[in-house]
Every structure is written in structure tokens, then in C-alpha cells.
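Subject: A structure for you to look at

Hi there,

Here is the structure I promised to pass on to you. Please open it beside this email and follow along as you read.

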There are 2 protein chains.
Amino acid sequence: MKRFWSNIALYGLSLGLLLVSLQFFRYKWIFVRNQTEWYAGAVALVFCIAGIWLGTHWKQQRFKTLPVESNPIQPPSKILEQLGITPREFEVLQLIAQGHSNQEIADQLYVSLNTIKTHISNLFSKLDADRRTQAIKKAKTLGLIP
Amino acid sequence: MKRFWSNIALYGLSLGLLLVSLQFFRYKWIFVRNQTEWYAGAVALVFCIAGIWLGTHWKQQRFKTLPVESNPIQPPSKILEQLGITPREFEVLQLIAQGHSNQEIADQLYVSLNTIKTHISNLFSKLDADRRTQAIKKAKTLGLIP
DNA sequence: ATGTAAATCACCCGAAAGGATGAGCCCAAA
DNA sequence: TTTGGGCTCATCCTTTCGGGTGATTTACAT
């Protein structure tokens with residue numbers, strides 16, 4: 001966390017310096033025609049570049065702090081309850097993670113393919129996923145499946 | 001390549017819209033005191049946000065290799081060699097395991113959707129998998145991915 | 001120089017997956 | 001007894017996946 005706040009401070013300082021220098025240039029160009037346009041253009045340019053810089057570095061920061069994984073191991077049933085995932089849905093989720101197709105899951109659970117589709121659809125909305133691979137990933141990071 | 005150019009167009013369009021709206025606000029606030037300061041502030045804010053967005057989305061081409069998140073540890077390259085999985089294929093495999101769609105992978109790696117499909121097809125035959133979820137499962141049990 | 005492997009891209013086609021919606025059944029709690 | 005949640009199944013439709021085949025370019029080694 002130290003690096004995070006020091007970086008924030010650094011960003012703030014840099015932006016402040018930028019503002020000061022912009023003010024300086026503004027008063028220097030006060031007699032130039034179309035001063036406002038030029039001023040706005042300069043501001044736009046500088047802040048666009050600053051934004052890009054911020055964007056890239058901020059992103060790296062995010063990625064670096066991501067793998068920390070301070071995941072207090074919760075009993076899966078609690079997380080399941082929180083997410084509103086029913087036992088049957090969890091069963092299907094596990095079979096998905098094992099690499100089974102919908103038809104295989106349906107055969108294994110002795111229900112129809114449509115039922116499996118419904119379960120999976122509900123699972124996706126509860127896990128906030130669009131694909132089964134995404135659901136697997138999310139369930140894994142949540143500790144629902146190994 | 002289609003998506004690349006459409007993204008370019010999208011960026012251009014967005015920036016154009018921003019410029020137009022900025023002009024609009026400028027003429028709306030023309031009677032406000034300190035108009036230049038407010039205008040410059042708005043420009044700075046908007047372009048800073050635009051820059052951040054650009055930085056996070058657009059700049060990914062820098063990382064031809066994957067971001068830190070995906071390969072924190074060096075996987076056993078021996079198994080990869082044994083299975084004949086090429087670096088590029090392994091890269092795709094990791095993105096699959098992260099839950100991305102083929103189109104998303106293509107966008108991230110700056111290649112076409114067809115290329116990703118080919119990689120995945122080869123990957124499946126090398127991993128003896130029929131589905132991407134199965135490939136994930138097998139890669140995981142092989143220790144190729146966490 | 002020539003063969004080989006990797007990476008790239010394309011097209012076609014069928015199968016699987018996913019979204020939206022409606023509906024019936026069962027059981028337990030209010 | 002009504003109500004709601006869980007489970008089941010269906011239909012229609014769109015998108016994504018996956019298989020198959022062939023081609024080009026680059027780089028590297030023979």
C-alpha cells in the first residue's frame with residue numbers, strides 16, 4: 001500500500017506542476033490571437049498525454065497488486081449463500097469446471113438439456129459471467145472450486 | 001484487421017464527439033465569469049479521462065507478451081515441449097483459462113479471429129481436448145496453468 | 001538453396017452455447 | 001391456503017465454438 005499512496009502523491013505533484021506551467025504559458029501568450037483556443041488546445045494535449053501516462057501506469061499498478069490474493073478462506077457454502085447459488089446450480093458448476101458439455105451434464109444428472117441450460121443461465125447471472133470459462137475462473141477465485 | 005480499424009474509427013468518433021460537446025459548452029458558458037478557467041478545466045478533465053481510457057485500452061499493443069497477471073511463475077516448459085505446444089499457443093491457452101472469448105483474445109493479441117481459432121484447434125489436438133473447458137481442466141492437472 | 005516449423009489468415013459448415021421468455025410441479029414457510 | 005423458491009422443461013433466436021482445409025510469410029537449420 002505504501003507504493004500506492006506515494007504514487008498518488010507523485011501523480012498529484014506532477015499534475016500540479018503541469019497546471020503551474022500551463023498558467024505560466026497562458027500569461028506569456030496573452031497577446032497572441034485566439035489565445036483561448038491555443039490555451040485549450042495545449043491543455044487538451046498535455047492532459048491527454050498525462051492521462052495516457054496515468055492510464056498505463058495505473059493499469060500496471062492494478063495488475064501488480066492483483067496476485068496478492070489475500071483471500072480469507074471462507075466456507076464455500078457461505079459464499080454460495082451470499083451469491084444465491086442453489087445446490088443444483090453448484091452441482092452443474094462443478095461439472096462445467098470438469099470440462100463437460102451441456103449434454104454430458106444433462107445425461108449425468110438425468111435431466112433435460114434445457115434444464116441444464118437454465119441452470120447455467122442462472123449461474124452466469126449470479127456469477128456475473130458471460131461464458132462458462134469465465135464462470136470457472138470466477139468460481140475459482142471465489143474459492144468455490146479447486 | 002477489421003476490428004483494428006473499427007476501433008480506430010471508434011476512437012476518432014469519440015474524440016470528435018468530445019470536441020463538439022466541448023465547443024457547445026464553451027459557447028454556453030460564454031457569459032460566465034472566468035470562462036477561460038472553467039473551459040480549460042473542463043478540457044483538462046475530459047481529455048485527462050479520455051487519455052486514461054486510451055491508455056488503458058489502446059496501449060495494450062505494447063505488451064506483445066502477456067501482462068504480469070497471467071504468468072506470475074514460469075510454467076514447466078518441459079511439459080509444453082513434450083506436448084509440442086508453441087509459445088503462442090500457450091499464450092492463447094492462458095487467455096482461454098482467464099475466461100476470454102476468441103474475439104477478445106484476438107483483440108488482445110492483435111491478430112485475427114481466424115488465427116486464434118487455428119491456435120486453439122492445434123491446442124485441442126495437442127491437449128486431447130474437445131472443448132475449451134476441457135482444455136483448461138487438462139492444462140490445470142498438467143500444471144501448465146495455476 | 002531448401003526443407004521445416006511457427007505464425008498468420010481465410011472460408012465453409014455444423015454443432016454447441018447462450019439469451020429471453022413462459023410455464024408447470026413440488027414443497028416448505030408464512 | 002396462499003406464496004415463493006427451487007427444479008424442471010420448452011421454444012425461438014442469435015452468437016460462439018470447433019472441424020476441416022488450404023494458403024502465405026518468416027525464420028531457422030540443414
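Some ground rules come before the details. This is a predicted model, in which local features need pLDDT of at least 70 and side-chain atom pairs count only at pLDDT 80 or more, while totals for chains, interfaces and linings use all residues. Residues are numbered from 1 along each chain as its sequence is written, chains are lettered from A and ligands numbered from 1 in the order in which they are written, and side-chain values use heavy atoms, with hydrogens and water left out.

**DNA strand C**

There are 17 residues around DNA strand C, and those that come nearest are A:Arg132, B:Thr86, B:Val111, B:Ser112 and B:His119. Here a residue is near a strand if one of its heavy atoms lies within 4 Å of it. Of the atoms of DNA strand C that come within 4 Å of the protein, 68% belong to sugar and phosphate.

Which helices supply at least two residues each of the surface near DNA strand C? They are H6 (113-127) of chain A, and H4 (87-97) and H6 (113-127) of chain B. Helices are DSSP runs (H or I, at least four residues), numbered from the N terminus. H6(B) gives the largest share, four residues. By class, this surface has three nonpolar, eight polar and six charged residues. Ala, Val, Leu, Ile, Met, Phe, Trp, Tyr, Cys and Pro count as nonpolar, Asp, Glu, Lys and Arg as charged, and the others, Gly among them, as polar.

- B:His119 has a polar side-chain atom 2.8 Å from a phosphate oxygen of DNA strand C.
- A:Lys117 has a polar side-chain atom 3.0 Å from a base oxygen of DNA strand C.
- B:Thr118 has a side-chain N or O atom 3.0 Å from a base nitrogen of DNA strand C.

These are polar contacts (a pair of N or O atoms within 3.5 Å).

**DNA strand D**

Around DNA strand D there are 18 residues, with A:Thr86, A:Ser112, A:Asn114, A:Thr115 and A:His119 coming nearest. Sugar and phosphate make up 68% of the atoms of DNA strand D that come within 4 Å of the protein. The surface has four nonpolar, eight polar and six charged residues.

Phosphate oxygens of DNA strand D take part in these pairs. One lies 2.8 Å from a side-chain N or O atom of A:Arg88. A polar backbone atom of B:Arg132 is 2.9 Å from a phosphate oxygen, and a polar backbone atom of B:Asn102 is 3.3 Å from one.

**Helix packing in chain B**

H4(B) also packs against H7 (residues 132-141) of chain B: their axes come within 10 Å and cross at roughly 105 degrees. Axes are lines fitted to C-alpha atoms, for helices over the stretch in contact, and angles run from 0 to 180 degrees between N-to-C directions. H4(B) and H7(B) are therefore roughly perpendicular, a word used for 65 to 115 degrees. B:Leu93, B:Ile96 and B:Ala97 of H4(B) meet B:Arg132, B:Ala135, B:Ile136 and B:Ala139 of H7(B), where contact means heavy atoms within 4.5 Å. Six of the residues in this contact are nonpolar, none polar and one charged.

Happy exploring!

How values were computed: Polar contact = N/O pair within 3.5 Å; in protein donor to acceptor, adjacent residues only side chain to side chain. Parallel < 35°, antiparallel > 145°, perpendicular 65-115°, else oblique.
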